[in-house]
Amino acid sequence: MAEALAIKAKQIKAAESILLDNDLLERPPPSSNTIQSIYTHELKACIAQLAQVHLHTVERIAQVKQDIEREQEALAQHLAVASTLQEKLVRYQRQLEREQQEPIGEVVARYRERTTRMVQQNRSIMQALAKFMKKHFPAPVLDGETSLVTLANAKRAKRHEGKKTKRNQKGNQRGDGGERSGTIGAEDDDSDSELDDADEDGADQEEMGGTRYIALDQMLESLMNSSLAKPHDPYIKLDPATHWAPYTELLLRSGIARLHPKDAHKLKMTEFHV
């Protein structure tokens, strides 16, 4: 019996080896649930990938739309600038043609008149600015030094009275022939006195032992002079002993001046003319 079972086992193993060698052993087919699970997993993976692709595509489309709108705005601005420049070019060409046809004397006279008018307008603007600054932004005075301001005002009034007397004497000496030049000279003296009052007032206060802070118009004058005289390095050095911090903060907050990007003790005027 044992020998029969051993022989039967050998036969089964021999048959199995033959089936494996000939690839005739077939696997049982998977069930429908297994197939459905596999397909469901693959489908979910594809859906997740497509969702990521869709999200990236939507973001890219939005970015491209913004770029297109920005480029369209830039194009519209460039077209407007080109149209304006073209109009100016045409206008200047016509003006040049008219000037070439006019006598040179009339052209020179017209430009002299325009220059004189611009100088007078600039002088009036500077005088108005100086009066406004002196009225609303005087040189700061420390507490307990109000009497110094009163003395400085009295000294300034006396100084102006002396200047006025000298101008009247010069006008009388010029006579009728120099009446016009005397008037112009008086206007120049008024402009100079308006611009120099801040320096003289500061000297008066320092002489009387008052504060050494400079007025706001002096700071603006220093900034303008530095921007015109040294356009490559228009910064002025801030001195806490002479530059009042609230006035410096006022210039920065209003956008009139800017600090140096690497040195907080340097100040320059904003390039409004650029």
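Modeller: Terms first. Helices (H or I, at least four residues) and strands (E, at least two) are DSSP runs, numbered from the N terminus. This is a predicted model, in which local features need pLDDT of at least 70 and side-chain atom pairs count only at pLDDT 80 or more, while totals for chains, interfaces and linings use all residues. Residues are numbered from 1 along each chain as its sequence is written, and side-chain values use heavy atoms, with hydrogens and water left out.

Now the setting. Seven helices and three strands make up the chain's elements. Their order from the N terminus is α-α-α-α-α-α-β-α-β-β. Of 274 residues, 18% are buried (under 20% relative accessible area; exposed is over 50%, partly exposed lies in between; 1.4 Å probe, protein chains only). The chain exposes about 21400 Å², and 57% of that comes from carbon and sulfur atoms. Those areas are Shrake-Rupley values with a 1.4 Å probe. A contact is a pair of heavy atoms within 4.5 Å. Among contacts between residues at least 6 apart in sequence, 66% join residues at least 24 apart.

On to the core. A nonpolar core is a set of buried Ala, Val, Leu, Ile, Met, Phe, Trp, Tyr and Cys residues, joined through side-chain atoms within 4.5 Å. The largest one has 13 residues. Leu216, Met219, Leu220, Leu223, Leu251, Ala257 and Leu267 touch the most other members. Helix 6 (216–229), helix 7 (245–253) and strand 3 (266–269) each give two or more residues. Helix 6 gives the most, with four. Take Met219. Leaving aside residues up to four places away in sequence, Met219 touches Ile214, His243, Tyr247, Thr248 and Leu251.

Strand 3 also has pairing partners. Two strands pair if DSSP finds at least two bridges between them. Strand 1 (residues 236–237) runs antiparallel to strand 3, with two bridges. There, Lys237 stands opposite Lys266. Strand 2 (residues 257–259) is also antiparallel to strand 3, with three bridges. Ala257, one of the core residues named above, has Met269 as its bridge partner in strand 3. Strands 2 and 3 form a hairpin, linked through six residues. In a regular strand, side chains alternate between the two faces of the sheet.

Next, the charged pairs. A salt bridge puts a side-chain nitrogen of Lys or Arg within 4 Å of a carboxyl oxygen of Asp or Glu. The structure has six. Helix 7, a contributor to the core, holds one of them. Glu249 pairs with Arg253, and their closest N and O atoms are 3.0 Å apart. The two residues sit four apart in helix 7, so about one helical turn separates them. Glu249 is partly exposed at 36% relative accessible area, whereas Arg253 is exposed at 70%.

Lys268 and Glu271 form another salt bridge, at 2.6 Å from N to O. Lys268 counts as buried because its relative accessible area is 13%. Glu271, at 31%, is partly exposed.

For comparison, look at helix 3 (residues 104–136), which holds both Arg117 and Glu113, four residues and about one turn apart. Their side chains meet in a salt bridge at 4.0 Å, N to O. Arg117 is partly exposed at 45% relative accessibility. Glu113 is exposed at 52%.
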